[in-house]
Number of protein chains: 2
Amino acid sequence: MTRSSRTVPAATPPVPGHRTDEVRRVAGQLFADSGYSATTMTDIADAVGILPGSLYHHFTSKEEIAVEILTELDQEISALATRTSAALATLPGGPEERIRYVAQEVTALSVRSRAALRLYAYEAPTVATERFRSALKLQAPALEKVWKRATDGLVPPAAAAPGDLGLLRFALHHLTLNAALNIPGRQDSSEIARMICDLLLDGLVTHCPDDRDLDGSEVMRAAREAMAEWPALHEPAGSGSRDDIVAAARIEFARRGYSATTIRDVAEAAGVRMGTLYRRVSSKEDILREILSNYTSSMDRALRTVLTAGDSAAASLDAFALVFVHGKRRFRQESDIVKFSARGRNDMSGPFHEYFDQTQNRLRLLEELLRDAASPGGPVRQIAPPSQVGPHIRTVAWLPYQDFGRAGAPRTHAFLRRSLLRGFLGAAS
Amino acid sequence: MTRSSRTVPAATPPVPGHRTDEVRRVAGQLFADSGYSATTMTDIADAVGILPGSLYHHFTSKEEIAVEILTELDQEISALATRTSAALATLPGGPEERIRYVAQEVTALSVRSRAALRLYAYEAPTVATERFRSALKLQAPALEKVWKRATDGLVPPAAAAPGDLGLLRFALHHLTLNAALNIPGRQDSSEIARMICDLLLDGLVTHCPDDRDLDGSEVMRAAREAMAEWPALHEPAGSGSRDDIVAAARIEFARRGYSATTIRDVAEAAGVRMGTLYRRVSSKEDILREILSNYTSSMDRALRTVLTAGDSAAASLDAFALVFVHGKRRFRQESDIVKFSARGRNDMSGPFHEYFDQTQNRLRLLEELLRDAASPGGPVRQIAPPSQVGPHIRTVAWLPYQDFGRAGAPRTHAFLRRSLLRGFLGAAS
DNA sequence: GTCTATATATCGATAGAC
DNA sequence: GTCTATCGATATATAGAC
């Protein structure tokens with residue numbers, strides 16, 4: 001009876017603490033959908049069916065709800081690390097089996113703990129109090145050690161650069177742990193894990209051209225041209241101009257998230273008063289729109305080029321990866337801003353909606369490319385239907401590889417060729 | 001043009017910070033009238049004529065307003081201590097002139113800073129945050145040193161007990177600093193100071209009986225009898241009974257004030273749950289009523305006895321002082337509770353109102369006694385009209401002398417005879 | 001400097017399940 | 001009879017927008 005399986009929910013289950021659990025669960029769902037700061041106590045109370053003030057019988061504060069959710073996740077990760085680490089010691093099979101095993105486990109955890117992960121991954125640490133922040137310190141190191149153990153026996157092909165193994169671990173760790181966030185659909189967790197591993201270990205392309213051909217491809221040239229036209233980064237100069245305000249807002253939004261950043265924060269960061277700010281921009285959303293439209297149009301031009309250019313599928317995918325690697329660096333702030341944004345009910349009316357629309361459109365293009373190239377015997381391996389693989393490819397290429405130690409753009413791109421295109425375990429080429 | 005000097009205040013003075021000052025001033029007035037916790041931001045905003053949220057343009061919190069007011073008082077006291085200390089060094093005249101000078105100065109400060117003093121004296125330190133609490137640490141020691149200097153040359157009459165000088169300083173300090181709080185009327189500050197000094201230094205009674213006569217008077221016997229009937233103090237026993245709840249509430253109300261104490265605080269202190277509490281008492285006010293009615297009836301019986309008994313005026317006043325000295329000890333908590341209470345708009349509807357009504361009635365009795373005895377050549381000196389002297393006598397006898405070091409009830413009563421009855425400077429007798 | 005709207009939180013009191 | 005969960009009112013405070 002410890003876990004009341006949903007056999008018979010009974011008429012009105014009067015289990016003590018039942019309502020408290022319900023509040024935590026409902027709140028977690030709302031946090032996951034809309035983000036912490038965009039979810040109000042009134043939202044939670046409405047969803048539970050009580051008045052806002054009544055929530056305080058169960059929790060002393062909104063923050064406490066989040067902290068409890070995070071603590072639970074923390075413990076689950078620790079437990080999983082211990083468990084999988086022990087299992088690895090006796091697991092039969094080679095490195096590939098070990099990797100697939102850990103991927104399965106972590107992905108399952110991710111899907112199980114989607115709400116908590118959203119809280120962890122998307123909420124800006126700077127808005128939180130000390131208590132919140134310390135709860136946000138995830139037990140990631142324990143998991144990373146597990147990945148180390150799982151991949152230790154892996155001998156990279158001769159052609160791989162020496163450090164690629166580190167990037168592989170980095171990718172596996174982030175892709176599996178955040179699987180539930182990156183892949184919004186209702187896919188089965190083991191299916192997700194399989195695709196991640198297939199993509200990284202086996203690669204997408206059956207007969208991949210060599211580096212020289214890829215580097216010299218027409219689509220690659222077009223990609224470089226498109227990226228060269230990305231506007232220069234506007235650094236706030238303290239002039240208080242409209243551009244300054246937008247540039248300052250870009251930093252602040254990336255730091256705390258759009259909804260948690262106040263226009264007073266922006267005004268202060270830009271060194272202007274509220275009156276001045278409102279003479280230069282018409283609203284907070286106006287600023288966001290400007291930031292995101294610049295971001296979207298830059299990425300859109302480059303990606304439409306590589307996804308629709310007539311070259312080979314392999315060359316297109318390679319150029320796609322290059323644009324992503326550079327885009328993730330050039331638009332790091334923008335990437336954070338949209339990451340913080342809620343995919344739920346709120347926020348999504350304005351500029352965020354347009355942005356996500358555009359990314360969906362581009363995803364469709366990627367899927368078309370896969371569909372065209374994945375016919376039996378075609379240049380692209382059939383890992384799963386394009387509509388399922390597409391998001392994974394995008395996610396693999398969009399990881400924040402710059403966070404991994406000494407990985408510059410060229411090395412990151414080389415890693416993506418090595419894994420995403422050719423497969424990390426694939427024959428050297 | 002950097003600082004628009006206030007050359008032309010124009011029709012509506014647009015002085016920067018003007019509104020902020022107004023808010024502070026208005027808030028101070030409301031705090032003084034109703035107490036800090038009973039004054040809401042909405043009250044303040046209404047009084048200023050703006051919306052509650054707009055107050056936060058001027059102050060970051062309600063607390064900040066109070067802290068600023070307290071800080072200003074603190075600085076005023078420091079400045080006054082420095083100034084009067086220096087003036088004492090060159091002041092001609094004897095100890096009496098020195099005392100009267102300092103009393104004048106401090107009383108004037110008290111009247112000037114009534115709002116801040118109310119905040120200091122009446123708000124319970126336990127409800128406040130650390131910041132509030134530290135602002136509440138008044139610069140009293142500096143003032144006490146001044147009183148020491150002023151009274152240093154004073155040679156007590158031979159008959160005075162050795163330590164009475166300390167109690168005299170204690171009384172002077174508290175009476176003058178809190179003059180504006182104790183004497184609610186519109187009396188002139190120098191008039192107040194004069195009465196305080198007259199009372200303490202010259203005394204009320206022209207020809208005072210000696211100790212033996214006073215101790216053996218009929219009214220004194222009646223007073224002792226009445227006090228013997230005061231109910232025993234009920235200590236909370238942890239039984240959760242109604243008496244326990246009331247006893248616990250008495251402590252809590254005294255600690256924090258009635259309005260700042262929540263019913264949950266009371267329940268916790270009494271060791272019962274809310275459900276139980278509400279089966280034993282009908283409301284928070286119900287508890288207060290019980291506490292205060294017991295207090296009032298006890299004091300009332302004893303005081304009506306001494307104020308209306310047929311003995312001499314001197315004996316009555318002496319017995320009155322004795323009842324006050326013991327009452328202040330026996331009902332220390334009750335005394336604190338009503339001290340915290342607002343004399344303003346709120347609170348005053350319920351039990352507090354009844355309590356203050358009763359004290360007013362008793363004050364009338366005291367005044368009658370004075371009127372009867374203060375005819376020219378009568379036994380009581382004519383310091384001022386009875387309606388003015390009455391409150392001062394009450395205040396002198398009601399000081400928390402138990403806070404002064406080693407002063408027990410007998411010694412305190414002896415001090416009141418020595419000062420209030422006979423005059424501290426009066427001929428020995 | 002102010003408004004409007006709304007957020008989080010507290011508190012007195014009670015209904016209703018055990 | 002006791003206690004949990006809840007309500008209704010209202011407090012302090014924040015935020016976007018002039």
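The legends below describe close-up views of a predicted model.

**View 1. Chain A as a helical chain.** In this predicted model, chain A contains 21 helices and 0 strands. Of the 429 residues in chain A, 52% are buried.

**View 2. The crossing of helices α17 and α19 in chain A.** Helix α17, which covers residues 313–330 of chain A, and helix α19, which covers residues 351–373 of chain A, have axes that come within 10 Å and cross at roughly 155°. Because angles over 145 degrees count as roughly antiparallel, α17(A) is roughly antiparallel to α19(A). The crossing of these two helices, α17(A) and α19(A), is left-handed.

**View 3. The residues that join α17(A) and α19(A).** On the side of α17(A), the contact is made by Ala313(A), Ser316(A), Leu317(A) and Phe320(A), while α19(A) contributes Leu366(A), Leu369(A) and Ala373(A). Sorted by kind, the residues of this contact comprise 6 nonpolar and 1 polar, with no charged residue.

**View 4. Helix α1 of chain B and the residue that follows.** Helix α1 of chain B, made of the 17 residues 18–34, reaches 24 Å from its first C-alpha to its last, which is close to the 24 Å expected at 1.5 Å a residue. The buried residues of α1(B) include Val23(B), Val26(B), Leu30(B) and Phe31(B), and also Glu22(B) and Arg24(B). Gly35(B), which follows α1(B), has a positive phi near 90°.

Key. Residues numbered from 1 in each chain as written. Chains lettered and ligands numbered in written order. Predicted model: local features only at pLDDT ≥ 70, side-chain atom pairs only at ≥ 80, totals over all residues. Heavy atoms only, no water. Axes fitted to C-alpha atoms, helices over the stretch in contact; angles between N-to-C directions. Helix = DSSP H or I, 4+ residues; strand = E, 2+ residues; numbered from the N terminus. Parallel < 35°, antiparallel > 145°, perpendicular 65-115°, else oblique. Left-handed = near helix turned anticlockwise from the far one by under 90°. Contact = heavy atoms within 4.5 Å. Nonpolar A, V, L, I, M, F, W, Y, C, P; charged D, E, K, R; others polar. Expected span 1.5 Å × (residues − 1). Buried < 20%, exposed > 50% of the residue type's maximum accessible area, 1.4 Å probe, protein only.
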